Structures are given as C-alpha cells and as structure tokens.
Amino acid sequence: MQQPASASQIDGRSTGTRPVFGALLRGAMLRCPACGLGAMFRRYLKVADACPHCGEALHHQRADDAPPYFTIVIVGHVVVSLVLAVEMAYHPPLWLHAALWLPLTVILSLVLLSSVKGALVALQWALLMHGFDPDFKEDSFDADPT
Ligand SMILES: [Zn+2]
C-alpha cells in the first residue's frame with residue numbers, strides 16, 4: 001500500500017493546501033500536482049488513476065477538449081509569428097515555407113500537448129474541481145431527480 005506524502009488523504013484526495021502556481025508547474029512537467037515526484041501520465045496522454053508516489057487520486061480529471069484547444073492557440077501564435085517574420089525578412093518560396101512550418105507545427109503540437117494537459121489537470125486539482133475536492137461525494141450526481 002502506498003503511503004501519502006501529504007499530511008492526510010480522504011479516499012486518495014489530499015486535504016492540505018493546494019497552491020495553484022506550484023501545481024501548474026508540476027503538471028506542466030508531467031508530475032503529480034500534489035507531490036511533484038510521481039508521474040502524472042501512464043502513457044503519452046493517459047492520466048494515471050493515482051500518483052505512483054503519493055497515491056493522490058488523479059482519475060477525477062476532466063480535461064476533455066481543453067488541452068488540444070490551448071495547444072492550438074499556443075502553437076498557432078508561435079508558428080504564425082515565425083512565418084510572418086521569415087516571409088517579411090527573406091521572401092522564401094512556398095515549398096520552403098511548407099518544408100519548414102508543417103513539421104514544426106506537428107512537432108510543437110505533439111511536444112506541448114502533454115504538458116498543457118498536465119497543467120490543466122493540475123489546475124483542476126488545485127481548484128478542487130470535479131472529484132478532486134476531499135468533500136466531494138461520488139454519488140451526488142447519481143441521485144434520480146424523479
Ligand atoms: Zn504524487
């Protein structure tokens with residue numbers, strides 16, 4: 001059984017303070033937002049159910065479409081800025097633009113996507129969103145309103 005690194009946990013959810021900026025940095029480095037030591041992902045974009053180091057439950061995350069959205073925004077600003085700067089300075093032929101910017105766009109997107117997802121999951125954790133709140137009751141959404 002894994003021992004929690006923080007003072008205490010309730011159902012795998014730490015009850016201590018959750019600094020937002022520190023959690024964002026840990027998440028962007030693909031580390032557990034609670035301890036910063038365990039890996040957040042068990043595969044490229046597959047978030048681990050719990051931190052392998054401290055046992056913090058990470059399966060509550062609901063990043064959904066936000067990581068690709070923010071990755072597109074970041075990569076778009078970087079690549080379009082570079083395209084415009086190179087075009088203004090050197091006026092290269094179109095084939096050179098395609099040879100430069102298409103691979104750069106793909107590589108930057110694949111590299112940044114996991115860090116952006118890690119930061120967003122860490123933000124959800126720090127803000128006690130979804131099931132990351134220690135006071136969250138799993139069955140609160142299961143109640144039948146009829
Ligand atoms: Zn951890």
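These entries record what I looked up in a predicted model of one protein.

**Basis.** I number residues from 1 along each chain as its sequence is written. Because the model is predicted, local features need pLDDT of at least 70 and side-chain atom pairs count only at pLDDT 80 or more, while totals for chains, interfaces and linings use all residues.

**Overall layout.** I found three helices and two strands in the protein. Helices (H or I, at least four residues) and strands (E, at least two) are DSSP runs, numbered from the N terminus. I read the order of elements from the N terminus as β-β-α-α-α. Of the 146 residues, 25% count as buried. A residue is buried if 20 or more other C-beta atoms lie within 10 Å of its own, exposed if 12 or fewer, and partly exposed in between, with C-beta atoms placed from the backbone. I then looked at contacts, where two residues are in contact if their C-beta atoms, placed from the backbone, lie within 7 Å. Among contacts with a separation of 6 or more, 59% join residues 24 or more positions apart.

**Helix H1.** Which residues of H1 are buried? In this helix, residues 20-28, I noted Ala 23, Arg 26 and Gly 27. Seen down the axis of H1, the buried residues fall within an arc of 95 degrees, so they line one face of the helix. The arc is that of the directions from the helix axis to the C-beta atoms. Helix H3 (94-126) is included in what covers these buried residues.

**The core.** The largest nonpolar core has 16 residues, and Cys 32, Cys 51, Leu 58, Val 121, Ala 122 and Trp 125 touch the most other members. H3 gives the most to this core, with seven residues. Such a core is a set of buried Ala, Val, Leu, Ile, Met, Phe, Trp, Tyr and Cys residues joined through C-beta atoms within 7 Å.

Most residues other than glycine have a negative phi. I therefore recorded the following exceptions. Asp 64, in the loop between H1 and helix H2 (66-90), has a phi near 50 degrees. Asp 64 is exposed, with 9 other C-beta atoms within 10 Å. His 91, in the loop between H2 and H3, also has a phi near 50 degrees. His 91 counts as exposed, with 7 C-beta neighbours inside 10 Å.
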